[in-house]
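Biologist: Please pick one part of this model and look at it closely. Then carry on to other places, in plain words.

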Amino acid sequence: MAKSLSADDYRQMAAELTPRTQAFIGGQFVDAASGKTFATVNPATGTVIAEIAECDAEDVNRAVALARAAFDDGRWSHQSPRNRKRVLLKLAELMRRDAQHLALLETLDMGKPIAEALAVDVGSSANCVQWYAEAVDKVYDEVSPSGPHALGLITRDPIGVVACVVPWNFPLLMASWKIAPALAAGNSVILKPAEQSPLTALKLAELCAEAGLPEGVFQVLPGFGPTAGKALGLHMDVDCLAFTGSTEVGKLFMQYGGQSNLKRVWLECGGKSPNVVLSDVADLDKAAFHAALGIFYNQGEVCTAASRLIVEDSVHDALLEKVIALGQAMQPGDPLDPATKMGAIVDQRQMQRVLGYIDQGVREGGVLALGGRQARVTSGGYFIEPTIFSGISNDMTIAREEIFGPVLSVIRVKDADEAIRVANTCDYGLAACLWTRDVTKAHTLSRKLRAGSVWVNCWDGGDMTMPFGGFKQSGNGRDKSLHALDKYTELKATWIDLT
Ligand code: NAD
């Protein structure tokens with residue numbers, strides 16, 4: 001195991017870092033066809049880290065053609081699952097070997113605390129790659145129960161060319177949740193990272209090549225959404241588009257699919273998750289800890305952020321007091337310091353957006369119980385204090401719209417029925433938490449919650465065995481678990497007449 005590093009070690013590593021900056025197309029690191037580049041910025045300091053190749057439609061055309069050729073000649077798609085497993089296990093091993101480097105790139109690029117980048121982002125990404133590698137030679141197809149006169153084979157074929165378009169909040173992890181099952185299933189994969197956070201995707205390309213993925217099977221196209229992302233969405237030879245990001249852009253991808261070749265479009269979109277604490281909660285301290293973690297972890301830039309704390313009257317005041325105390329102790333710090341619990345907001349635009357929502361909350365009559373201001377202003381970076389509003393009603397803007405920052409809305413309710421009604425009154429349905437000691441209530445109320453993930457007596461429960469995705473406008477796809485393989489395969493029925 002690598003030795004743990006100090007803040008000074010990471011600063012030294014950062015000073016010496018030369019990240020990959022070119023696109024990865026056809027097994028080579030290359031400039032964008034246009035020669036254009038864009039700056040990627042460290043949000044903790046506001047300084048430019050590197051100039052990155054800015055891919056657009058021309059690069060997309062080239063990468064798709066190479067991906068198609070690789071798929072058709074079978075260099076990966078026709079390999080046995082056991083061989084694909086071997087290469088992907090090697091990839092997981094290389095990700096662990098370079099974990100500190102990957103974590104550093106993630107922290108510098110999007111501002112998250114280095115300790116979390118290492119343990120969660122890189123650790124979970126490597127686990128994800130390993131999990132699909134190990135799974136893929138243990139998944140069987142089916143034979144239909146059609147009797148002696150026919151043989152019905154129900155098989156899963158790889159879908160072809162898969163494009164993955166991902167956000168900046170967990171750049172490597174969101175990419176891994178898509179590319180690992182897509183590659184394991186035998187597809188050719190093109191990854192477009194968010195323009196705010198391209199660095200770990202480019203490092204991943206290097207590791208994929210080292211692990212032995214053949215040329216053209218995995219390619220990385222950094223660039224902007226309305227150019228590179230849109231070109232992938234509209235491409236007539238991309239068979240499947242797996243997207244994680246905002247609901248607004250998810251809707252565009254559905255349109256792109258309809259305007260082009262009816263590619264399979266899988267969406268993992270935004271959320272406004274309710275965290276329901278009932279009066280019979282078994283452990284108020286644990287509930288408070290998870291409530292604070294649920295909104296301040298990753299600076300609140302989490303699709304499943306528990307941004308609406310819905311609390312039954314009798315425990316409301318005691319819980320609020322505890323969450324405020326925990327929030328106060330989570331002030332933002334230097335993301336390169338392993339002791340830091342909250343880092344920088346991804347960029348200035350997102351910081352202004354979050355501060356705008358805080359102003360809106362005040363204007364609509366919310367009570368600002370903690371924070372509300374920019375922090376660490378002299379750093380040149382983009383930090384926001386942990387912020388808590390009490391006295392919120394579910395129809396206020398900050399209770400309805402996804403803020404994607406460290407801003408909690410606390411909503412008081414009179415009983416469990418009102419709590420579930422408020423929880424479900426929302427355009428999104430990604431996740432929901434429920435706190436109760438009563439096992440019957442836990443079962444009956446979790447069935448009523450309209451969300452893809454329901455977490456009872458915790459926030460963010462689950463592991464690779466559990467599917468993850470949304471109801472309603474949180475999307476239609478499911479990452480993680482064996483169910484994710486369904487997204488990257490076509491179901492084929494082969495009927496052999498035996499008469
Ligand atoms: P975003 O929708 O702005 O961008 C996501 C990706 O789409 C980026 O790669 C971007 O370049 C691309 N894109 C943007 N505009 C595009 C366009 N017009 N055409 C094609 N591509 C385009 O989202 P973001 O700001 O990067 O990320 C935050 C959002 O992601 C939040 O809404 C969050 O809830 C969501 N998210 C969801 C999940 C999940 O699993 N459900 C996980 C993480 C984040």
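**A residue in a loop, and beyond**

Modeller: Serine 481 is located in the loop between β22 and α16 (484-487). Helices are DSSP runs of H or I with at least four residues, strands are E runs with at least two, and both are numbered from the N terminus. This is a predicted model, where local features need pLDDT of at least 70 and side-chain atom pairs pLDDT 80 or more, while totals for chains, interfaces and linings use all residues. Residues are numbered from 1 along each chain as its sequence is written, and side-chain values use heavy atoms, without hydrogens or water.

Now the backbone. Serine 481 is not a glycine, yet its phi is positive, about 65 degrees. Most residues other than glycine have a negative phi. Serine 481 counts as buried because its relative accessibility is 2%. Buried means under 20% relative accessible area, exposed means over 50%, and partly exposed lies in between (1.4 Å probe, protein chains only).

Lysine 472 also has a positive phi, about 50 degrees, and is not a glycine. Lysine 472 belongs to strand β22 (residues 471-472). With a relative accessible area of 35%, lysine 472 is partly exposed.

Next, a helix. Arginine 68 sits in helix α2 (residues 57-73). Its relative accessibility is 16%, so arginine 68 counts as buried. Leaving out residues up to four places away in sequence, arginine 68 touches Gly160, Val161, Asp237 and Asp239. Contact here means heavy atoms within 4.5 Å.

Then a strand. Isoleucine 49 lies in β4 (residues 47-53). A relative accessible area of 24% makes isoleucine 49 partly exposed. Lysine 286 is 237 residues from isoleucine 49 in sequence, and their C-alpha atoms are 39 Å apart.

Another loop comes next. Proline 406 is placed between α13 (397-400) and β18 (407-413). Proline 406 is buried, since its relative accessible area is 0%. Not counting residues up to four places away in sequence, its contacts include Ile295, Phe296, Met342, Val354, Ile384 and Pro386. Alanine 305 is 101 residues from proline 406 along the chain, but 8.9 Å separates their C-alpha atoms.

Last, the ligand. Glutamate 402 has an N or O atom in its side chain 2.6 Å from an oxygen atom of the ligand. Cysteine 269 uses its backbone instead: an N or O atom there lies 2.8 Å from a ligand nitrogen atom. Glycine 245 has a backbone N or O atom 3.4 Å from an oxygen atom of the ligand.

Notes
A polar contact is a pair of N or O atoms within 3.5 Å; within protein, one must be able to donate a hydrogen and the other to accept it, and residues adjacent in sequence count only if both atoms are side-chain atoms.
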